[in-house]
Amino acid sequence: MRKRYGESEVVAGVDLQLRSGECFGLLGPNGAGKTTTLRLCLGLTAPDAGSIRLIGIDVIADPRQARARVGVVPQMDNLDPDFTVEENLVVYGRYFGLADREIRARIPELLEFAGLATRAQARINTLSGGMKRRLTLARALVNDPDLIFLDEPTTGLDPQARHLIWGRLKQLVADGKTLFLTTHFMDEAERLCDRLSVLDHGRIVASGAPRALIAQHIEPQVVEVYGDGVAAWAERHGRSLAERCEHSGETVFCYTHDAAPLVAHLEPRHDLRYLHRHANLEDVFMKLTGRELRD
Amino acid sequence: MSRAARTYALPRLSLRFLPVWRRNFLVWRKLTIPSILGNLADPLLYMLGFGYGLGALLPEMQGISYIAFIAAGTVCSSTMMTASFEAMYSSFSRMHVQRTWDAILNTPIDLDDVVIAEVVWAASKATLSGMAVLLVATLLGLTQSWLALGLVPLVMVLGLTFASLGLIMTALSPSYDFFMYYFTLALTPMMLLCGVFFPIEQLPDALQAAAQALPLTHAVALARPLMNDTMPSAWLLHSVVLTLYCLAGFYLAMVLTRRRLLK
């Protein structure tokens, strides 16, 4: 897919293929082209070049039929504030051409899934942020979709609410649904996604299973060092003790296959503090997309 | 199809707009009393206040009592105002603030359907408002014959027209404040120049000519004779002008909304 806005090509040749029943993650910094990619996939905007098929349906030729089989959890909550929990589901189901009887038959199950069984008659403004997200997720299931798009589904949630959403998403995958998730929480991607792609400047810069991506791009051990004079330390010692050092803000990230000499060197020092850990997806992400701030 | 061709394509009419219309109706039903009060009390107060207050000083206007004169104008102006408010403030809320349209567009409903739903919904509310004023006027003995039923289709077309014009403003608007321009530069002048409160013949020539170009003038020119048992002169001309405003406004609202949202 390609999509250009004025001078900038926001999506510059993205090629994605999802497997049925998997959770696929699209990662990328702000402005990488994630939202435009989603809009293209849903037929909400037309590509300048390329083709898109969802569940075998040509999205460009027949976006309506494609969306009938798909659920969407948008980044921004757009539940109807004037309606109750139940009314939100009924009204949304009607947009799919479902009869009220069909929708009402599904509601108990959907509310159960969302943990809102006792809140059917509650007004939206009485729900917590986590409840609203779960209702948005339940709403995306009202048409029993095969494929569900989730645009940063846990942004703005507290850790408890986030874990609850993760549990529900895993349950959906276990039930055979296919998930397409965008996120910039790396632990979320690492936990949930079977495969993922990293998008930057409108291009896919890496794809694969989370563990494989880490093994492929990053030395297995990471030591984060911080404290006064850490920059000088990195120049004098860090670069020789680690295979690779990256300086970001107050912290130096040292990447290595064997962290023992580094840790032995740092342990007696009182001016510097350190954290020794395994390499993770965030390290891959930072390496591929750079450490500078994106606005 | 190129981007331009999609933007300027004729609107695709279908009944898929109905679930969206029903959504707006369901919200309205929850707020019926304040909503009806707002759409009805205001025009009725004008009609009764001016009609009886000023009417006592004016024995007759164009051969009818002043309150009968102003009743016909009020049916049209309340229709205009209700459609405009709904298609601007309420549609803007749904489009931009609450993101209701975004949620809908993720389903098999597309933007053409949403725009149609918004226009028809605002026109429905406007029709209710115009009909309520007509009903009160009839109860007060201000309609003279069954010819007044001609106001039913008239008010519907007028509602669709001002819903479309309001939606044009919504498609162009960065914020709620923007609508003040349209109120001050379009709706208020129409209230005052289009024959709602006094015959446009009272205006200087230049203003009369300007009034002839405005849609509300043609609606009032049809409504007033119809309420007073007279077939309007030049009814065909007035109907054609209104219909053209309606169709052009609807098409432009569609194009501008697509341009804003289907980038």
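How much area is buried between chain B and chain A, and what percentage of it do carbon and sulfur atoms give? About 2500 Å² is buried between the two chains, and carbon and sulfur atoms account for 51% of that. Before going further, a reminder that this is a predicted model.

I will start with the interface. The contact draws 29 residues from chain A and 27 residues from chain B. Between the two chains there are 5 salt bridges. One of them pairs D110(B) with R64(A), at 2.9 Å from N to O. There are also 10 residue pairs in polar contact across the interface of chain B and chain A, counting pairs with both residues at pLDDT 80 or more.

Which elements give two or more residues to the side of chain B that touches chain A? They are α1, residues 3-8, α2, residues 18-30, and α5, residues 100-105, of chain B. The most comes from α2(B), which gives 7 residues. Sorted by class, the side of chain B that touches chain A has 12 charged, 11 nonpolar and 4 polar residues.

Next, the salt bridges. Over all chains the count is 27. As a general point, side chains of opposite charge can pair when their charged atoms come close.

The D110(B) and R64(A) bridge belongs to a network. Its members are R64(A), R12(B), R16(B), D110(B), D112(B), D113(B) and R258(B), linked by salt bridges. Within chain B, D112(B) and R258(B) meet in a salt bridge with an N to O distance of 2.8 Å. That pair links distant parts of the chain, since D112(B) is in helix α6 of chain B and R258(B) is in helix α11, residues 235-261, of chain B, 146 residues apart. Are D112(B) and R258(B) buried or exposed? Both are buried.

Chain A has salt bridges of its own. In one, D77(A) pairs with R133(A), and the closest N and O atoms are 3.6 Å apart. D77(A) is in the loop between β6 (70-73) and α3 (85-95) of chain A, while R133(A) is in helix α5, residues 129-140, of chain A, so this pair also links distant parts of the chain, 56 residues apart. As for accessibility, D77(A) is partly exposed at 35%, and R133(A) is buried at 4%.

Another is E190(A) with R211(A), where the closest N and O atoms are 3.6 Å apart. Here E190(A) sits in helix α7, residues 186-192, of chain A and R211(A) in helix α8, residues 210-217, of chain A, 21 residues apart. E190(A) is partly exposed, with a relative accessibility of 24%, and R211(A) is exposed, at 61%.

Now the aromatic side chains. Searching the whole structure gives 21 aromatic pairs over all chains. I will take one from α2(B), the helix that gives the most to the side of chain B that touches chain A. F25(B) and W28(B) are stacked, with 5.8 Å centre to centre and 25 degrees between the planes.

Why are F25(B) and W28(B) separated by about one helical turn? Because they are 3 residues apart in helix α2 of chain B. An α-helix has 3.6 residues a turn, so residues three or four places apart point the same way. W28(B) is buried, at 14% relative accessible area, whereas F25(B) is partly exposed, at 29%.

F25(B) is in helix α2 of chain B and W121(B) is in helix α6, residues 111-139, of chain B, so the pair ties together parts 96 residues apart in sequence. W121(B) is buried, with a relative accessible area of 3%.

Elsewhere in chain B, one aromatic cluster is made up of F85(B), Y89(B), F92(B), Y176(B), F179(B) and F183(B).

Last, one helix in chain A: α11, residues 281-289. Its buried residues are L281(A), D283(A), V284(A), F285(A) and T289(A). At the start of α11(A), a side-chain oxygen of N280(A) comes within 2.9 Å of the backbone nitrogen of E282(A). Just after α11(A), G290(A) has a positive phi of about 85 degrees.

Notes. Residues are numbered from 1 along each chain as its sequence is written. Chains are lettered from A and ligands numbered from 1 in the order in which they are written. This is a predicted model: local features need pLDDT of at least 70, side-chain atom pairs count only at pLDDT 80 or more; totals for chains, interfaces and linings use all residues. Side-chain values use heavy atoms; hydrogens and water are left out. Contact means heavy atoms within 4.5 Å. Buried area is the accessible area (1.4 Å probe) that two parts lose on being put together, summed over both. A salt bridge is a side-chain nitrogen of Lys or Arg within 4 Å of a carboxyl oxygen of Asp or Glu. A polar contact is a pair of N or O atoms within 3.5 Å; within protein, one must be able to donate a hydrogen and the other to accept it, and residues adjacent in sequence count only if both atoms are side-chain atoms. Helices (H or I, at least four residues) and strands (E, at least two) are DSSP runs, numbered from the N terminus. Ala, Val, Leu, Ile, Met, Phe, Trp, Tyr, Cys and Pro count as nonpolar, Asp, Glu, Lys and Arg as charged, and the others, Gly among them, as polar. Rings of Phe, Tyr and Trp (its six-membered ring) pair if their centres lie within 6.5 Å; planes under 30 degrees apart count as stacked, over 60 as edge-to-face and the rest as tilted. Buried means under 20% relative accessible area, exposed over 50%, partly exposed in between (1.4 Å probe, protein chains only).
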